[in-house]
Amino acid sequence: MDSYFSQEQNALRERVAKFAKEVLEPKAAEIDENGFDIDHYRKVMEAGFVGVPVSKADGGEGMGTVGRCILLEEISRVCPSTALTYLVGGMALYGSLANDELKEKYYYPWVNGKIIACFALTEPGAGSDVSSVKTTAVRDGDEYVINGYKSQATNGSCADVVNVYAITDPSVKVSRGMSMICVPKGTPGMIAKPTKMATLRGADVSEIEFKDCRVPVTNLVGEENKGYKYAMGGIAGGRINAAACSIGIGIHAVEAAAEYAKTRVQFGKPIIENQAISFKLAEMKARIEAAKALVYKAADMIDKADPDAGTFASMAKIEATQAAQFCADNGLQIFGGDGCRADCVAQRIYRDAHAARIYDGTTEILKLVVGRTV
Ligand SMILES: Cc1cc2nc3c(=O)[nH]c(=O)nc-3n(C[C@H](O)[C@H](O)[C@H](O)COP(=O)(O)OP(=O)(O)OC[C@H]3O[C@@H](n4cnc5c(N)ncnc54)[C@H](O)[C@@H]3O)c2cc1C
């Protein structure tokens, strides 16, 4: 598919793939076993990858959504936990929404790989149904006082800045009374606790409690009570990221299973010489490549501000996540009993493939979104 991409995009892929192989891959199993390692993630920040999709005007490389997808695909191909750490945070919204002070303090440092961010929207009672958010931010003089509980917030314990969604006008529907507020690390009343995950275990997914947590009203991102729109925009924008990660995971599944099938000998020959195995691999490869084509078409549409880009990104996420799951499942089967060992790469791929079907819009919710357009 390389001929589909520009020279610059292919050069980016080469740069990220080399970094992923040399720096991320040797630690991927270890962070899956022991959990998130901030020093490991700092290497991604120091390599200048955060700014790759950001516009040149904002200090980035201007490689847009296609650039971000290439990056996420290549990182996910070796370490999907690191890709998740990269893709969340809600900071892209700062580019167009944040005031000058917030941009100086957090946006540009984020673009330059100096800080990590978290996007805290989900609550125990508000997952797919964002209109059930209960966390509140009550104005008291020049401050907001935040109270509530957020769950499954990626980077929740390690982030330098948490972008929390809270109700600022309880007299109207959540869609018209929620705001996005920036809470810096160490603010009294914000208490985060990592969640023990079964998937993407090398990422920091946390629960965050807000107890009379005070921040200045100038920490409001964008306009008051417009947070629902921003959150939906952020999630919709994130769909293509999850899709790109799934492509990396699916390709890894094919590569790992093919490698194993070439070396595992049964009945006097490598198992890949059985059509049952090579057909499985062929179908895995075909499905993930078909999904990849859709992902990059959708990414290109986003960069060109195509009015149908949102629908295509949703379709790309449905297809890419399912293709990755298909590859992970069939790949694991090819590993036989070895696939049931805790130290087998295929079982990590299998666990990691699942998560993208959930975050940034579950497959079922995306089918509702796409179904409305058919
Ligand atoms: C690895 C990971 C990272 C995450 N990171 C973040 C983060 O950084 N910030 C954040 O705010 N959140 C994050 N989340 C949370 C994620 O956004 C939610 O898990 C997701 O929105 C789904 O919500 P839920 O888990 O409550 O599932 P639910 O909404 O309870 O859904 C449960 C099941 O019911 C289905 N369902 C629900 N409603 C319908 C319907 N109307 N029709 C048909 N089916 C339906 C769903 O598709 C799903 O299969 C993360 C989750 C994961 C797994």
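The model is predicted: local features need pLDDT of at least 70, side-chain atom pairs count only at pLDDT 80 or more, and totals for chains, interfaces and linings use all residues. Residues are numbered from 1 along each chain as its sequence is written.

Figure 1. Helices (H or I, at least four residues) and strands (E, at least two) are DSSP runs, numbered from the N terminus. Ser55 is partly exposed, with 14 other C-beta atoms within 10 Å. A residue is buried if 20 or more other C-beta atoms lie within 10 Å of its own, exposed if 12 or fewer, and partly exposed in between, with C-beta atoms placed from the backbone. Not counting residues up to four places away in sequence, Ser55 touches Gly60 and Gly62; two residues are in contact if their C-beta atoms, placed from the backbone, lie within 7 Å. Gly95 is 40 residues apart from Ser55 along the chain, and their C-alpha atoms are separated by 9.2 Å.

**Figure 2. Contact between domain 1 and domain 3.** The domain assignment of the protein chain gives domain 1 (2-111), domain 2 (117-222) and domain 3 (229-371); such bounds come from an automatic or database domain assignment. The centres of domain 1 and domain 3, taken over C-alpha atoms, are separated by 20 Å. In this pair, 21 residues of domain 1 are in contact with 21 residues of domain 3. On the side of domain 1 that touches domain 3, helix H1 (7-34), H3, helix H4 (80-87) and helix H5 (92-97) each supply at least two residues. The largest share of that side, 10 residues, comes from H3. Its residues divide into 12 nonpolar, 4 polar and 5 charged. Here Ala, Val, Leu, Ile, Met, Phe, Trp, Tyr, Cys and Pro count as nonpolar, Asp, Glu, Lys and Arg as charged, and the others, Gly among them, as polar.

**Figure 3. The largest nonpolar core, with Ile240 among the residues with the most contacts inside it.** This core has 125 residues. A nonpolar core is a set of buried Ala, Val, Leu, Ile, Met, Phe, Trp, Tyr and Cys residues joined through C-beta atoms within 7 Å. The residues with the most contacts inside the core are Ile75, Ile181, Ile240, Ala257, Val295, Ala298 and Ala316. Helix H8 (residues 227-263) gives the largest share of this core, 17 residues. Not counting residues up to four places away in sequence, Ile240 touches Thr65, Cys69, Val295, Ala298, Ala299, Ile302, Ala313 and Ala316.

**Figure 4. The shell around the ligand.** The ligand is surrounded by 18 residues, of which the closest are Thr122, Gly127, Ser128, Thr362 and Glu364. A residue is near a molecule or strand if its C-beta atom, placed from the backbone, lies within 6 Å of it. Strand E1 (117-120), E3 and helix H12 (363-371) each supply at least two residues of the shell, and the largest share, 3 residues, comes from E3. The shell residues divide into 11 nonpolar, 6 polar and 1 charged. Domain 2 and domain 3 both give residues to the shell, so the ligand lies between them. Glu364 is found in H12 and is exposed, with 10 other C-beta atoms within 10 Å.

**Figure 5. The hairpin of E2 and E3.** Strand E2 (residues 136-140) and strand E3 (residues 143-154) run antiparallel and are joined by 5 bridges; two strands pair if DSSP finds at least two bridges between them. Ala137 stands opposite Ile146 in E3. The hairpin has 2 residues between the strands, and Gly141 takes a positive phi near 65 degrees. Gln152, placed in E3, has a phi near 50 degrees, a positive value in a residue other than glycine. Gln152 is partly exposed, with 19 other C-beta atoms within 10 Å.

**Figure 6. Strand E5 and its pairing with E4 and E8.** E5 (residues 178-184) is mostly covered, with 6 of its 7 residues buried. Strand E4 (residues 161-167) is joined to E5 by 7 bridges, and the two run antiparallel. Ile167 stands opposite Met178 in E5. E5 also pairs with strand E8 (residues 220-221) in the antiparallel sense, over 2 bridges. Val221 in E8 is the bridge partner of Met180.
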